[in-house]
Amino acid sequence: MPHNPIGKITRQLIDYFAIYPDKEMSPPRSQRFGELIRYHSEDLVEMGDLSIAASKINWLCFSQRNGIRLRIESDQMLPDAQSMEQLLEHSKQWLFPLLSVSKLRKERYALRFQRAPIIANVLYSILQQGDSYGQVKKLEHRKENMPTLCLILHEKFAEEESSNIKELHKFRAKQLFLVVRRLLDYADYRLVEPEDKTDDTITVCVECNNQSRRGAKEQSEKNYVRLVCGPVLEACKKTATLLTSSSYMALRSNDMLLIAMHRHGVRDCAKGTDFERLMQRLGHAAVIVDLFEVRHSTGATVVRHGLGSSKGASYILYNSARLETLLRTFNAQVNAGVYEPLPPLETIDLSLLEDELDWQLIYGYLLSFPELVESTLMQLQLGQCAVHLLVRYIVNLASLFSRYYRNKQILVQKRSNLMPVLYARIYLVKAVRQVLNSALALLGIQPVDYM
């Protein structure tokens with residue numbers, strides 16, 4: 001499976017309706033398809049797995065921007081049942097064949113995939129590739145042809161000051177630098193150090209929002225990009241906070257403790273070294289989510305008294321711990337002789353994962369993770385990195401898994417008719433854990449084993 005299957009599907013879909021003058025040509029890195037093609041992660045039953053614009057007008061605008069020619073002469077892209085059948089027949093050659101095509105309201109067509117090929121490919125890819133799932137394979141013979149990029153942190157953020165004024169702003173900028181560096185491991189750029197730059201190297205500098213536009217040195221660099229990091233503000237006054245990163249982490253660690261006590265029954269827990277370390281990790285995670293749940297170029301707001309604007313880090317890591325607990329309990333039951341060891345993936349009946357909740361997890365989130373990572377860097381050369389989309393993805397994945405956990409009994413009783421379901425769901429849980437952990441790692445957040 002390619003590193004970004006959604007990108008491959010998109011190209012195959014566009015190739016069906018349009019002709020590129022150069023067969024090797026592909027949509028530009030910064031391409032957004034807007035109304036043209038939408039991949040859905042919610043309401044899949046009603047909206048389909050993806051939907052496309054029905055009107056030729058939308059496709060004409062796209063084709064004119066990209067220098068391609070439409071194959072379709074009619075005003076509608078799929079004007080009748082015959083044209084829909086032709087698309088279904090042609091899709092048998094695609095990475096993932098279509099199952100059905102239907103007309104939606106608001107001038108769109110709903111497309112649904114055959115589920116079995118996607119489920120098998122996604123689970124195999126995630127569990128075999130592990131942490132490298134979604135990453136571009138940077139083979140040695142290709143590195144020379146990759147565009148080079150130099151990522152730097154502006155000296156204002158890199159230098160150490162004796163005063164702590166606006167230190168949390170510095171912390172945010174440094175974290176933005178680290179997040180972008182991790183994201184670039186997934187992209188087809190070759191990172192170089194400042195001394196190794198060439199005339200074609202793209203230089204991306206993390207700067208503050210009130211930094212002077214460009215110095216004389218940068219003026220001469222045609223590929224210089226400013227990645228602006230906005231301030232960190234107090235909620236009420238909307239002025240720059242005087243909190244330091246360490247004091248804010250302590251504040252959010254205490255919030256995490258109170259949440260654990262209130263929601264999860266952690267009341268008389270002895271505050272040993274492990275527990276204090278857990279609270280520190282939760283506090284760090286809360287700070288990262290607070291700083292990047294909004295666009296990096298806008299002001300982030302500090303959270304006081306535990307009043308955040310989203311479900312936040314405690315909810316994410318509670319579900320991370322739930323995944324670990326499920327797998328730890330399963331392994332304990334195997335060791336105790338209650339369950340048989342997990343059979344190889346190739347022997348599992350994956351058709352048991354084709355109902356709606358399973359499909360939403362696999363198609364809506366696991367399959368789309370590489371596309372999500374790629375989309376965060378889509379406008380990097382325009383000075384934008386959509387880290388907030390990564391945070392939103394993590395929150396939504398945790399929320400969907402929480403619903404899955406409530407609606408599905410995963411660790412069922414040992415009965416011969418239930419074991420195939422158990423094993424299939426354990427593999428799905430392992431895949432969800434891998435993708436969630438990879439997404440958290442991009443933000444510099446460590447998963448937790450328990451809460």
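**Aromatic rings in a predicted model**

In this predicted model, R172 sits over the face of F292, 5.8 Å from the centre of the ring.

Colleague: How many helices does the protein chain have, and what share of its residues is buried?
Modeller: The secondary structure of the protein chain comprises twelve strands together with 16 helices. The chain has 451 residues, and the share of them that counts as buried is 50%.

Colleague: What is the angle between the planes of W359 and Y363, which form an aromatic pair?
Modeller: Both residues belong to helix 13, which covers residues 356-366, and they are four residues apart, about one turn of the helix. W359 is buried, as is Y363. Their rings are 5.2 Å apart from centre to centre and count as stacked, with an angle between the planes of 15°.

Colleague: Which residues do ring pairs link into a cluster?
Modeller: Rings pair if their centres lie within 6.5 Å, and such pairs can join several residues, as they do here with Y133 and Y186 among the members. The cluster linked by ring pairs consists of Y133, Y186, Y365, F369 and Y393.

Key: Residues numbered from 1 in each chain as written. Predicted model: local features only at pLDDT ≥ 70, side-chain atom pairs only at ≥ 80, totals over all residues. Heavy atoms only, no water. Helix = DSSP H or I, 4+ residues; strand = E, 2+ residues; numbered from the N terminus. Buried < 20%, exposed > 50% of the residue type's maximum accessible area, 1.4 Å probe, protein only. Phe/Tyr/Trp six-rings, centres within 6.5 Å; stacked < 30°, edge-to-face > 60°. Lys NZ or Arg CZ within 6 Å of the ring centre and 35° of its normal.
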